[in-house]
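I opened this notebook to record what I looked up around the ligand and in the pockets.

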Amino acid sequence: MLGEEELRKLFPEYEDTIQPSGIDLKVDKIYEQTTGGSLIDNQKNLPEIKELKCDENEIYTLKPKTAYSVTIMGKTHIPVGYTMLYLPRSTLLRSFISVHTAVGDPGFYGTLQFMIVNNGEYEYKLKKGERIAQAVVFKVTGSGEYDGSYQEKNNINKGS
Ligand SMILES: O=c1ccn([C@H]2C[C@H](O)[C@@H](COP(=O)(O)OP(=O)(O)OP(=O)(O)O)O2)c(=O)[nH]1
């Protein structure tokens with residue numbers, strides 16, 4: 001796993017949130033689901049989503065027993081030869097909020113999107129910009145390069 005010194009070199013876009021052994025990730029927008037979706041024969045039909053409105057202080061209210069899609073602030077570039085895993089902030093778990101995440105692939109460039117669930121019986125308030133997860137980075141021996149459907153094109157860091 002990579003430490004602060006290596007992370008600073010590889011992830012300059014996150015210089016403000018680099019920790020001794022990971023990178024803190026901040027919530028940007030939160031979305032509610034508005035339609036169903038499907039995954040059939042590897043054909044994805046993602047549910048439609050609608051941005052949740054926050055109040056004048058940029059505070060979102062998460063309803064009890066409800067799942068939301070959440071984007072992370074900034075663009076993430078994972079250099080080829082490295083992979084990222086995303087772990088929830090324990091404060092959220094202690095508050096009955098789970099953050100569900102998958103694997104960040106070598107070569108990915110784009111917006112990270114997670115699922116956040118209010119498992120509790122009560123509303124939960126979350127302000128835009130709060131840290132909700134930590135990325136940990138590992139070196140991958142002989143990795144390929146991500147070229148999936150969530151790759152964004154304007155990869156200024158590509159080749160670095
Ligand atoms: O929780 C996560 C984990 C990863 N990613 C980003 C980085 C990752 O490299 C990319 C693709 O993730 P994944 O490989 O899981 O996508 P997929 O469902 O297999 O779709 P595709 O095959 O189109 O890539 O999405 C997220 O946005 N959220």
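The entries below go from the ligand to the pockets.

**Entry 1: the model.** I noted before anything else that this is a predicted model.

**Entry 2: the ligand shell.** I asked which residues are closest to the ligand. I found 16 residues surrounding the ligand, with Lys-44, Ala-102, Asp-105, Tyr-146 and Ser-149 as the closest. I then sorted the shell by class and got eight nonpolar, six polar and two charged residues. I also looked up which strands take part. Strand S11 (103-104) and strand S13 (113-118) each supply at least two residues of the shell.

Entry 3: I went through the contacts to oxygen atoms of the ligand one by one. For Lys-44, a polar side-chain atom lies 2.9 Å from a ligand oxygen atom. Asp-105 likewise places a polar side-chain atom 2.7 Å from an oxygen atom of the ligand. At Ala-102 the backbone is involved: an N or O atom of its backbone lies 2.7 Å from an oxygen atom of the ligand.

**Entry 4: the largest pocket.** I listed the elements that give two or more residues to the lining: strand S2 (22-33), strand S3 (38-40), strand S4 (43-45), strand S7 (66-72), S11 and S13. By class, I counted 16 nonpolar, eleven polar and four charged residues in the lining of the largest pocket.

**Entry 5: the second largest pocket.** I looked up its volume and got about 160 Å³. Which residues line the second largest pocket? I found Glu-13, Tyr-14, Glu-15, Asp-16 and Thr-17, then Asp-24, Leu-25 and Lys-26, and also Met-73, Gly-74 and Lys-75. How many residues of each class are in this lining? I noted six charged, three nonpolar and two polar residues for the second largest pocket.

Notes: Residues numbered from 1 in each chain as written. Predicted model: local features only at pLDDT ≥ 70, side-chain atom pairs only at ≥ 80, totals over all residues. Heavy atoms only, no water. Near = heavy atom within 4 Å. Polar contact = N/O pair within 3.5 Å; in protein donor to acceptor, adjacent residues only side chain to side chain. Helix = DSSP H or I, 4+ residues; strand = E, 2+ residues; numbered from the N terminus. Nonpolar A, V, L, I, M, F, W, Y, C, P; charged D, E, K, R; others polar. 1 Å grid on protein atoms, 1.4 Å probe; cavity = no way out; pocket = protein on both sides within 12 Å on 5 of 7 lines; lining within 4 Å. Points joined across faces, edges and corners; volume = space filled by probe spheres on them.
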